Amino acid sequence: MHEVAPASSCAIEVRGLAKAFGERYALRGVDLKVNRGERLVVFGPNGAGKTTLVKIISTLVKPSAGHVWLDGIDIRERAAQIRRRISLVSHQTFLYDDLTVYENLRFYGRMYGVPGLEEKIREVVSWVQLEPRLHDRVGTLSHGLQQRASIARAVLHSPSMLFLDEPEVGLDPQASNVVNDVLGRLDTGSRTVVMTTHNLERGLELGDSFVILDRGKIVYQATRDEIDKEGFKQVYDRCTGTGR
Amino acid sequence: MLTELRTKEFVVSVLVFALLVLVIFSFAFGARTDTTEMVAPGILWVALTFGGVLGFNRIFAVEKENSRLEGLMLCPVDRAVIYWGKLAGSFTFMLAVAIVLTPIFLALFNLPLFLPRLALIIVLATLGFAAVGTLFSALAINTRARDIMLPILFLPVVVPVIVAAVKATTSVLADKPWGDMLTWLQIMIAFDIIYLVVATLVFEFVVEE
């Protein structure tokens, strides 16, 4: 059936999204809308489908059913065009340990055809405060510093949409705070952000709208103005099993 | 390529393995002229083929670490570009191994060192190995037993190249005319073209979930 493209104010629209791995469904009919410049935070227990959702909207995984439009473009039809506008930061850095931070950024910059690459590298490295380690091999950096380099990689081509899949996983609380501060400081005024996290406090602080996913379905959805924090926490606790 | 130049994982593993094969066989058969022409071509191509399997296992294994393959797949380029980039790397490094290995092979078996026709055979056969090895390396990377899976997939498919390379090398070592090896060269060229085209077309389906 032909699906009608979404309204132009939507940066991301997801309709009836489902993904099955064999007989197991990771997503079961997810509907979402994210406006331009909005920050959507997705919460949920392990196995809720958060990573699958992010992988699908970042064109890494094909859905079993449903549609995703980014900037009004169906990602199944023009994935390569969409990839110029998006970026993903996950707990994996995508960086090469045997190359320096600079060499990694130059490599990815060339893959994206970033104009004025040298200047852009200096700019993003200063955002994440990695100038002193620019010419160090990534493998010699702590996981927290690697994650900051990964954020620099992700914003190098100035994506209009940034997807963050539990970027704080594997970091100690101090490094996690530094990474979250870096993310908070990034100029995201016009950038649409979708972030998955287990960190309730930080997620509620960063987001404009919030979703709780459980077993592949959205069980709670609210904007910052609408959110009832007690109700939200009750649903979250019920999903994670801590409220039983 | 820069990563490989720093770590030398591909080149060293392939070269050491292939050298060991050559040395063991040279001791087994010696440098007797009555057996050299018969067994030497097979020894050279066994060393390069089985050494190549070790190297091809690394081609995409390095991209699996840190989910780098996902980083590449997020880039706004056709999937075939990733394949051709990896192919360029594996072909270059396999060729580098062959360039080091061949003079040692010729010296060990008491053969003439200047054989330009052998260089042509090595380029064509190595391209065929790299075309298939790079594709199957990407295919094997998502399987549980990837170290076992690659040789199981790779070796049966490259049999035509191995046979053609052995036959053409036999012709060169026997100093026979060009016409004698032409058919084998044509087989290698056809194999290379077919697998380069097929791999370019199917690579997208191999790497995407």
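Student: What makes β3(A) count as mostly covered?

Tutor: Five of the five residues of β3(A) are buried. Buried means that 20 or more other C-beta atoms lie within 10 Å of the residue's own, exposed means 12 or fewer, and partly exposed is in between, with C-beta atoms placed from the backbone. Strands are DSSP runs of E with at least two residues, helices are runs of H or I with at least four, and both are numbered from the N terminus. The model is predicted, so local features need pLDDT of at least 70 and side-chain atom pairs count only at pLDDT 80 or more, while totals for chains, interfaces and linings use all residues. Residues are numbered from 1 along each chain as its sequence is written, and chains are lettered from A and ligands numbered from 1 in the order in which they are written.

Student: Which residues of β3(A) lie on each side?

Tutor: R39(A), V41(A) and F43(A) are on one side, and L40(A) and V42(A) are on the other; all are buried, and both faces are covered. In a regular strand the side chains alternate between the two faces of the sheet.

Student: What makes β3(A) and β8(A) a pair?

Tutor: Two strands pair if DSSP finds at least two bridges between them. Strand β3 (residues 39-43) and strand β8 (residues 192-196) of chain A have four bridges, in the parallel sense, so they pair by that rule. L40(A) stands opposite V194(A) in β8(A). Four bridges also join β3(A) to β9(A), again running parallel, and there L40(A) stands opposite S209(A).

Student: Why are β6 and β10 of chain A called edge strands?

Tutor: The open sheet of six strands has the order β6-β7-β8-β3-β9-β10 (chain A), with mixed pairing. β6 (86-90) and β10 (217-223) of chain A each pair on one side only.

Student: Which strands of the sheet does helix α1 of chain A touch?

Tutor: Helix α1 (residues 50-57) of chain A touches β3, β6, β7 (161-165), β8 and β9 (209-214) of chain A, and its direction makes about 150° with that of β8(A). A contact means that C-beta atoms, placed from the backbone, lie within 7 Å. Angles run from 0 to 180 degrees between N-to-C directions, with axes fitted to C-alpha atoms, for helices over the stretch in contact. Helix α5 (residues 143-155) of chain A also packs on the sheet, touching β6 and β7 of chain A, at about 170° to the direction of β6(A).

Student: Why is E37(B) called partly exposed?

Tutor: E37(B) has 16 other C-beta atoms within 10 Å, so the count falls between the limits of 12 and 20. E37(B) is in helix α3 (residues 33-64) of chain B. Setting aside residues up to four places away in sequence, E37(B) touches T170(B), L173(B) and A174(B).

Student: How many residues of chain A are in contact with chain B?

Tutor: 19 residues of chain A are in contact with 17 residues of chain B. The chain A side has ten nonpolar, four polar and five charged residues. Nonpolar covers Ala, Val, Leu, Ile, Met, Phe, Trp, Tyr, Cys and Pro; charged covers Asp, Glu, Lys and Arg; the others, Gly among them, are polar.

Student: Where is confidence lowest in chain A?

Tutor: Confidence is lowest in helix α6 (residues 173-185) of chain A, at a mean of 72. This value is pLDDT, the predictor's confidence in each residue, from 0 to 100. The mean pLDDT of chain A is 87, and 93% of its residues reach 70 or more.

How values were computed: Two residues are in contact if their C-beta atoms, placed from the backbone, lie within 7 Å.
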